[in-house]
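Please examine the sequence and the structure shown below before reading on.

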Amino acid sequence: MAGILLTQNNTFIIGDVARILGWIMNVLFNFLNNVFGIQNIGLCIILFTVLIYLLMLPLTVKQQKFSKLSAKMNPELQQIQKKYKNKKDNTSMMAMNEETQAVYAKYGVSPTGSCLQMLIQLPILFALYRVIMGIPAYVSGVKEVFTELANQIMAVPGGSEFMQELSTNGRMYIEGKDFTQVNTIIDVLYKLQDTGSATWQMLIDQFPQMESLILTTQSSINSMNNFGINIANSPWNIAKSALAAGSVLLLIGAVLVPFLSALTQWLNVKMMPQPSTGDGNDTMNATMKSMNMMMPLMSAWFCFTLPAGMGLYWIMGAVVRGIQQWSINKYLDKLDLDEIVKKNIEKNNRIREKKGLPPQKINDIARTNVKAIDHTNKKTMTEEEKKAAVEASTSYYKNSDNPGSLASKAAMVAKYNEKTKK
């Protein structure tokens with residue numbers, strides 16, 4: 001395994017993550033090959049995606065719980081913001097901050113509660129791109145396919161120089177660029193396509209004595225990368241090849257990857273708990289709608305221009321997330337959020353007690369029952385509730401005088417004046 005380390009990515013953090021992901025990919029490839037006799041990188045990516053998301057399940061549950069609580073919490077935060085809307089003095093700002101923190105403490109969440117999973121996913125995404133772009137550097141079984149051909153090319157005078165020229169003309173941006181190393185030659189061979197500025201045919205034209213070995217190598221790697229389409233190639237290049245060859249099936253396969261990516265991302269967005277932004281906050285509502293539309297479109301664009309293997313990972317990831325999300329939503333719907341809130345307040349006060357601080361004062365807004373918030377948001381009342389509300393609002397003014405009498409009306413006015421002075 002040490003022999004394939006030279007072409008691995010060495011970017012800070014990303015390189016370390018890529019080596020871990022590459023090791024997992026290598027184990028999966030060897031498992032499929034040794035147990036089932038299957039050598040397919042696309043299938044490895046699918047299994048890899050499922051495994052990664054299973055490992056991240058605890059973080060996913062925590063993030064979904066945060067989103068669920070945020071949807072309940074936002075109306076209270078909006079009330080606080082409305083309360084201090086035009087108050088910019090230091091005392092008001094401190095009071096607003098204290099009340100806001102009380103609401104966060106009540107629900108047991110942090111303003112940055114959903115960032116952790118994203119911070120973990122980004123390095124994985126970038127590292128996976130590096131792994132897929134340089135599979136032979138991480139999967140020993142794939143590297144072996146190219147080893148004999150690479151050694152023979154290097155043994156031919158001018159072979160390394162030709163491969164360097166092929167890499168430059170093909171705009172491959174091979175890392176390290178040391179073409180005296182077998183690993184660099186293997187990187188170039190892995191990036192060769194059937195069409196484009198750097199092709200297998202160009203290799204045959206340059207080394208006709210190796211034609212049989214070149215064709216065998218090409219056939220082997222195409223078989224490994226075949227998942228309906230070549231996952232080492234981008235749907236953009238595949239679509240161009242399909243149009244040139246007049247292949248409708250190949251064109252559909254190329255378009256299907258970005259389409260499915262956008263569709264699955266859109267479904268994921270729809271399944272996410274949507275936090276309330278208030279009826280009056282049109283700007284925030286518009287921003288959220290735009291983001292919900294832009295994310296699937298960006299996903300489609302990336303999957304159209306990057307290797308199809310990245311699109312396969314993206315699609316499979318969205319499918320796994322969708323299944324997880326549905327299951328987690330079912331689980332969270334059964335939870336008593338008021339009980340969760342109660343435990344969060346107790347936990348927060350225990351932490352404050354250890355620090356020598358008094359229990360945090362939870363203002364009236366933060367005391368609001370979650371079920372009451374749900375009821376207010378739905379804006380629905382039964383006839384009995386309406387009748388009770390009317391009676392409660394008029395009970396203060398009731399007296400023993402005859403209804404409709406002058407004395408009765410005078411008493412009501414007096415009581416109204418008395419109440420408004422308080």
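## Basis of the description

Helices (H or I, at least four residues) and strands (E, at least two) are DSSP runs, numbered from the N terminus. Glycine 311, for example, is found in helix H15.

This is a predicted model, in which local features need pLDDT of at least 70 and side-chain atom pairs count only at pLDDT 80 or more, while totals for chains, interfaces and linings use all residues. Residues are numbered from 1 along each chain as its sequence is written, and side-chain values use heavy atoms, with hydrogens and water left out.

## Overall composition

The protein has 20 helices and zero strands. Of its 422 residues, 41% count as buried. Here buried means under 20% relative accessible area, exposed means over 50%, and partly exposed lies in between, calculated with a 1.4 Å probe and protein chains only.

Contact means heavy atoms within 4.5 Å. Among the contacts in the protein with a separation of 6 or more, 72% join residues 24 or more positions apart.

## Salt bridges

A salt bridge is a side-chain nitrogen of Lys or Arg within 4 Å of a carboxyl oxygen of Asp or Glu. Side chains of opposite charge can pair when their charged atoms come close. How many salt bridges does a search of the whole structure find? The search finds two.

One of the salt bridges found joins aspartate 16 to arginine 19, with the closest N and O atoms 2.8 Å apart. Both residues lie in helix H1 (residues 14–36), three residues apart, which is about one turn of the helix. An α-helix has 3.6 residues a turn, so residues three or four places apart point the same way. Aspartate 16 is partly exposed, at a relative accessible area of 44%, and arginine 19 is also partly exposed, at 30%.

Lysine 83 and glutamate 99 also form a salt bridge through their side chains, at 3.1 Å from N to O. This pair links distant parts of the chain: lysine 83 belongs to helix H3 (residues 57–83) and glutamate 99 to helix H4 (residues 90–107), 16 residues apart. Lysine 83 is partly exposed, with a relative accessible area of 43%, whereas glutamate 99 counts as buried at 13%.

## The packing of H3 and H15

Two packed helices are described by the angle between their axes and the distance between the axes. Axes are lines fitted to C-alpha atoms, for helices over the stretch in contact, and angles run from 0 to 180 degrees between N-to-C directions. H3 and helix H15 (residues 308–333) pack at an angle of about 55°, and their axes are 10 Å apart. That angle makes H3 oblique to H15, since angles under 35 degrees count as roughly parallel, over 145 as roughly antiparallel, 65 to 115 as roughly perpendicular and the rest as oblique.

Which residues of H3 meet H15? They are Leu57, Thr60, Val61, Gln64, Lys65 and Lys68, and their partners in H15 are Gln324, Gln325, Ile328, Asn329, Leu332 and Asp333. By class, this contact of H3 with H15 has four nonpolar, five polar and three charged residues. In this classification Ala, Val, Leu, Ile, Met, Phe, Trp, Tyr, Cys and Pro count as nonpolar, Asp, Glu, Lys and Arg as charged, and the others, Gly among them, as polar.

## Buried positions

Is glycine 311 buried or exposed? Glycine 311 counts as buried, at 0% relative accessibility. Leaving aside its neighbours within four places in sequence, glycine 311 is in contact with Val257 and Cys303. Its C-alpha atom is separated by 9.8 Å from that of phenylalanine 259, 52 residues apart along the chain.

Helix H9 (residues 182–191) is mostly covered, with eight of its 10 residues buried. Among them are Ile185, Ile186, Asp187 and Tyr190.

## Further residues

Most residues other than glycine have a negative phi, and most peptide bonds are trans. Isoleucine 13, although not a glycine, has a positive phi of about 70°. Isoleucine 13 lies in the segment before H1 and is partly exposed, with a relative accessible area of 43%.

Tryptophan 23 lies in helix H1 and counts as exposed, at 54% relative accessibility. The C-alpha atoms of tryptophan 23 and serine 140 are separated by 9.6 Å, although these residues are 117 residues apart along the chain.
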